[in-house]
Amino acid sequence: MLTFLMTLLALQATRAQTQWEAPASADNLNNPLKNDATATESGKRTFRMLCVICHGAKGKGDGMGGAGLTPKPTDLTSAKVQSQSDGALFWKLTNGKPPMASYETALPENKRWELINYIRTLKK
């Protein structure tokens with residue numbers, strides 16, 4: 001019985017560690033490039049260069065580079081991702097959380113917004 005309880009606690013701790021919530025204040029960030037088709041196309045190019053390796057070509061979290069990661073890369077087509085505000089997604093791209101990299105210094109702000117636009121096109 002004790003072993004079972006310890007296993008259950010470990011599973012709950014692991015699940016809690018994989019939850020990644022942006023602060024509520026991130027929802028107040030407005031996407032200055034929303035509905036900009038040129039920005040979305042640029043975001044697609046950036047996605048192919050930086051994100052496909054882990055998130056896969058269709059954003060399902062099945063890229064080769066993500067196979068050995070814990071936690072696994074997020075399925076960007078999922079309702080859980082798509083229901084988040086642009087600001088929350090921007091905050092996550094900016095700050096990262098291992099194994100997800102922070103793109104605050106690697107990508108200019110407008111490139112991160114372009115990625116958000118493209119991620120929106122990945123809906124199921």
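In this briefing, Ala, Val, Leu, Ile, Met, Phe, Trp, Tyr, Cys and Pro count as nonpolar, Asp, Glu, Lys and Arg as charged, and the others, Gly among them, as polar. By that scheme, the lining of the largest pocket divides into 21 nonpolar, six polar and six charged residues. The model is predicted: local features need pLDDT of at least 70, side-chain atom pairs count only at pLDDT 80 or more, and totals for chains, interfaces and linings use all residues. Residues are numbered from 1 along each chain as its sequence is written, and side-chain values use heavy atoms, leaving out hydrogens and water.

**Largest pocket**
- The largest pocket has a volume of about 730 Å³, a volume being the space filled by probe spheres set on the grid points.
- Of its 33 lining residues, Trp20, His55, Pro73, Thr74 and Met100 are the closest to the centre; lining residues have an atom within 4 Å of a point on the 1 Å grid.

**Helices H2 and H6**
- The axes of H2 (residues 37–50) and H6 (residues 109–120) come within 7 Å and cross at roughly 95°.
- H2 and H6 are therefore roughly perpendicular to each other (65 to 115 degrees).

**Lysine 58**
- Lysine 58 lies in the loop between helix H3 (52–55) and helix H4 (79–82).
- Lysine 58 is exposed, with a relative accessible area of 62% (exposed means over 50%, with a 1.4 Å probe and protein chains only).
- Lysine 58 touches Thr77 and Leu122, not counting residues up to four places away in sequence.

Note on methods: Axes are lines fitted to C-alpha atoms, for helices over the stretch in contact, and angles run from 0 to 180 degrees between N-to-C directions. Helices (H or I, at least four residues) and strands (E, at least two) are DSSP runs, numbered from the N terminus. Angles under 35 degrees count as roughly parallel, over 145 as roughly antiparallel, 65 to 115 as roughly perpendicular and the rest as oblique. Buried means under 20% relative accessible area, exposed over 50%, partly exposed in between (1.4 Å probe, protein chains only). Contact means heavy atoms within 4.5 Å. On a 1 Å grid over the protein atoms alone, a cavity is a set of points where a 1.4 Å probe fits but cannot get out, and a pocket is an open set with protein on both sides within 12 Å along at least five of seven lines; lining residues have an atom within 4 Å of a point.
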